[in-house]
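Here is a friendly walk through one protein model, with the sequence and coordinates to follow along. Have them open beside the text as you read.

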Amino acid sequence: MKAIAVVPKSREVQLIDHPEPRISSSTGVKLRMLEAGVCGTDREICAFDYGTPPAGSEHLVIGHESLGEVVEVGREVSRVKVGDLVIPMVRRPCHHEGCLACRSDRQDFCYTGDFTERGIKMQHGFMTGFVVDDQKYMNVVPRQLRDVAILVEPLTIAEKAIKQIWQVQQRLPWACPIETKAGRGRCHRAVVLGAGPVGLLGAMALAAGGFTVYVYSREAAPNPKSDLVESLGAQYVSAQDTSVEQLAEKVGNIDVVYEATGASSVSFEMLKIIGVNAIFVFTGVPGRKKPIEVDTDLIMRDMVLKNQVVFGTVNAGRETFEDAITDLGVFMERWPAATRSLITGRNPMSAYRDLLLGAPKGIKETITLS
Ligand SMILES: [Zn+2]
Ligand SMILES: [Zn+2]
């Protein structure tokens, strides 16, 4: 079967022939891969910033955002059945007895760093014809979400962040009075930094949760992303004509910041203007650039005097995948056109060079695998 792979040793990105995997355990599941999403991580692996092949292999099959269909199951499989559409999880636990996270099936919080990740770190990924994996890493998606299901994996980033926001904020009176259908976040104002797929999905998840949402991004408005943001009932604010200080005046008390740019300078600018009892979540991974000046006295003073919290989040556990599947169903009910418009191109496998090595285009580009 064909697979898109990198060979770090010779710095090549290739369409290769890869042996078709077979079920080798009673809880194994074989998937016919339908689609894979392309993201910044894939592009960075193809630029050889990271990406490690499995032990004993020169190449790494890439792809971690995926959708597959179950075609065969081992004899003890009970979580999925043949014909189910599933999203496989990405991270696999480390083998250290003492890793509290991995031993509790929460490898997204792995202590040792010796976890593996399909399509990223020491395990082949999903940009190929067939994949075999254990049933415990499979999440079933309803068939009516087939067209947009590829968004589940990138949406898990926002879902894990929002779950933790609610957990952390339980330490203070933060619950909005009187629960209504408007969502439990309806008395809070959230700013999303960045309008890429992770930012836009975060804006949708926050809006679906009732938050008043502002998306702050570089590009001047109007543009397709600002139109999409407005169609959610959220506001798009361009950094070209509005400084972070002006943004703060516009929003009022900024209760939540969901960072999805990977740009540290604008993030630390934002950190200076967040509100009382605010919570700031980092999801981006910046490249290493020259150090910049940060007003540490102001930030530290505010963090203390305004009871602020800053945290970072990576990867996702099973519950978060389930939340993402549920929320994607909500998005499709409330904003079907906007949700579909996040997928800006479906490409054949043969277009891999352009997609992975060319200039980024669109919002979420996918590769059709079968
Ligand atoms: Zn990704
Ligand atoms: Zn671990």
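## Asparagines with positive phi

Asn 307 has a relative accessible area of 45%, so this residue counts as partly exposed. You will find Asn 307 in the loop between H7 and strand E17 (309-312). Phi of Asn 307 is near 50°, a positive value in a residue that is not glycine. Please keep in mind that this is a predicted model.

Asn 277 sits in the loop between helix H6 (264-271) and strand E16 (279-282), and because its relative accessibility is 23%, Asn 277 counts as partly exposed.

## A cis peptide bond

Next, turn to the bond from Ala 221 to Pro 222: this peptide bond is cis, with omega near -5°. Pro 222 belongs to the loop between strand E13 (212-217) and helix H4 (224-231).

## A nonpolar surface patch

Which residues form a nonpolar patch on the surface? They are Met 300, Val 304 and Leu 305, and together they have about 350 Å² of accessible area. Met 300 is placed in helix H7 (residues 296-305). Its relative accessibility is 60%, so Met 300 counts as exposed.

## Two zinc sites

The zinc ion (ligand 1) has three protein donors: Cys 39 (SG), His 64 (NE2) and Glu 65 (OE), at 2.1 to 2.3 Å from the ion. Along the sequence, these donor residues follow the spacing C-x24-H-E. Both His 64 and Glu 65 are buried.

The zinc ion (ligand 2) is held by the SG atoms of Cys 94, Cys 99, Cys 102 and Cys 110, at 2.3 to 2.4 Å. Their spacing along the chain reads C-x4-C-x2-C-x7-C. The angles among the four donor atoms are 104 to 117°, and the site is tetrahedral. Cys 94 has a relative accessible area of 0%, so Cys 94 is buried; Cys 99, at 0% relative accessibility, counts as buried too.

Now look for an open sheet of three strands, ordered E7-E8-E9 with mixed pairing. Strand E7 (91-92) and strand E9 (122-123) are the edge strands, each pairing on one side only. Strand E8 (residues 116-118) pairs with E9 in the parallel sense over two bridges, and Arg 118 has Gln 123 in E9 as its bridge partner.

Arg 118 also forms a salt bridge with Asp 133, where the closest N and O atoms are 2.9 Å apart. This pair links distant parts of the chain: Arg 118 is in strand E8 and Asp 133 in strand E10 (residues 130-134), 15 residues apart. Arg 118 and Asp 133 are both buried.

The model has 20 salt bridges. One of them joins the side chains of Lys 9 and Glu 58, at 3.2 Å from N to O. Lys 9 lies in the loop between strand E1 (2-7) and strand E2 (12-17), and Glu 58 in the loop between helix H1 (40-46) and strand E4 (60-61), so the pair ties together parts that are 49 residues apart in sequence. Lys 9 is exposed at 69% relative accessible area, whereas Glu 58 is partly exposed at 47%.

Glu 69 and Arg 143 form another salt bridge, their closest N and O atoms being 3.2 Å apart. Glu 69 is in strand E5 (residues 65-73) and Arg 143 in the loop between strand E11 (138-141) and helix H2 (152-169), 74 residues apart. Glu 69 is buried, with a relative accessible area of 16%, while Arg 143 is partly exposed at 48%. Arg 32, Glu 69 and Arg 143 are linked in a network of salt bridges.

Conventions. Residues are numbered from 1 along each chain as its sequence is written. Chains are lettered from A and ligands numbered from 1 in the order in which they are written. This is a predicted model: local features need pLDDT of at least 70, side-chain atom pairs count only at pLDDT 80 or more; totals for chains, interfaces and linings use all residues. Side-chain values use heavy atoms; hydrogens and water are left out. Donors are N, O and S atoms within 2.8 Å of the metal (3.2 Å for Na, K and Ca); water is not among the atoms, so sites may look incomplete. Buried means under 20% relative accessible area, exposed over 50%, partly exposed in between (1.4 Å probe, protein chains only). Patches are made of residues with over 30% relative accessible area and no salt bridge: like charges are joined within 9 Å, nonpolar side chains (Val, Leu, Ile, Met, Phe, Trp, Tyr) within 5 Å. Accessible areas come from the Shrake-Rupley method with a 1.4 Å probe; for residues, only the protein chains shown count as cover. A salt bridge is a side-chain nitrogen of Lys or Arg within 4 Å of a carboxyl oxygen of Asp or Glu. Helices (H or I, at least four residues) and strands (E, at least two) are DSSP runs, numbered from the N terminus. Four donors count as tetrahedral if all angles lie between 85 and 135 degrees; four count as square planar and six as octahedral if opposite donors are over 155 degrees apart and all others between 65 and 115; anything else is irregular. Two strands pair if DSSP finds at least two bridges between them.
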